[in-house]
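Dear colleague,

I am passing on the structure that follows, and below it I have set out what was found. Please read the notes with the sequence and the structure side by side.

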Amino acid sequence: MKTTIKLTLVMLSVLCITACADNGKVDKSEADNNLVLGLLKTAEASAKEAGQIEIRGTYFQGSCSAGTCTTPGSNTVSIQSNFGTTTGYLYVDYVNGSGTSTYRVNAEIVEFSNSERVLYYKPKNNANISALIWTITADNEILICDVFNGKPTLAETKTDLASRKASGTVYTTNPKAAGCNGSFAFNFLTKTF
């Protein structure tokens, strides 16, 4: 092969490799801008995630009495919050010993507060709003109490819960023994997965 042709092929190869190496590169200022935007989106998503309900998930539920809790059986509780809001849903399925459902709650969470550890829910096909409170023990055990205080408005339900707490019929100091609607103990939750 002639030297001119070889030289031309080498130059074309170098040109092609250089062009391919530069293909898809982004200007540094554009890359920096994209990085900042990505970090802002991540921070925004983290803030929304941090605002989710503290006890979201699906659990098996056991009962507690006199300071001892049973091993959770077939009763399930699902609690989820809508991303970036203080709303969500509550679904409870109570199953009897023969394995059939005896009671179901399918409800909208109209408001929750992680700091107060309370959620207010309205069952489907029901106008009243009730409260469910929770506590987390030093051993990271989650215990819940359905206050069953259905009232027509959220404000009335909040007032009723405050009244029950003030009178001592609802409290979280010894949830495995009492504090849920008088002398009843709380229920114990275990994550299903």
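The secondary structure of the protein comes to three helices and nine strands, where helices (H or I, at least four residues) and strands (E, at least two) are DSSP runs numbered from the N terminus, and along the sequence they follow the pattern α-α-β-β-β-β-β-β-β-β-α-β. Please keep in mind that this is a predicted model, in which local features need pLDDT of at least 70 and side-chain atom pairs count only at pLDDT 80 or more, whereas totals for chains, interfaces and linings use all residues. Residues are numbered from 1 along each chain as its sequence is written, and side-chain values use heavy atoms, with hydrogens and water left out.

Of the 193 residues in the protein, 29% are buried; buried means under 20% relative accessible area, exposed over 50%, and partly exposed in between (1.4 Å probe, protein chains only).

As to the cysteines, the count comes to two disulfides, a disulfide being a pair of cysteine sulfur atoms within 2.5 Å, and with the bonded cysteines numbered in sequence order the pairing is 1-2, 3-4. One of them joins cysteine 64 to cysteine 69, with an S to S distance of 1.9 Å, and the torsion about its S-S bond is about 95 degrees, so this disulfide is right-handed. Cysteine 64 is buried at a relative accessible area of 9%, while cysteine 69, at 22%, counts as partly exposed. The other is formed by cysteine 145 and cysteine 180, whose sulfur atoms lie 2.0 Å apart. Cysteine 145 belongs to strand S8 (residues 142-146) and cysteine 180 to the loop between helix H3 (154-167) and strand S9 (187-191), so the pair ties together parts that are 35 residues apart in sequence. Both cysteine 145 and cysteine 180 are buried, and the torsion about their S-S bond is about 80 degrees, so this disulfide is right-handed.

Strand S3 (residues 76-81) has five of its six residues buried, so it is largely enclosed by the rest of the structure. Strands count as paired if DSSP finds at least two bridges between them, and S3 pairs in the antiparallel sense with strand S1 (residues 57-65) over four bridges, with threonine 76 in S3 as the bridge partner of phenylalanine 60. S3 also pairs with strand S4 (residues 88-95), again in the antiparallel sense, over six bridges, and here glycine 88 in S4 is the bridge partner of serine 81. The hairpin of S3 and S4 has six residues between the strands, and in it glycine 84 takes a positive phi near 80 degrees.

With best regards
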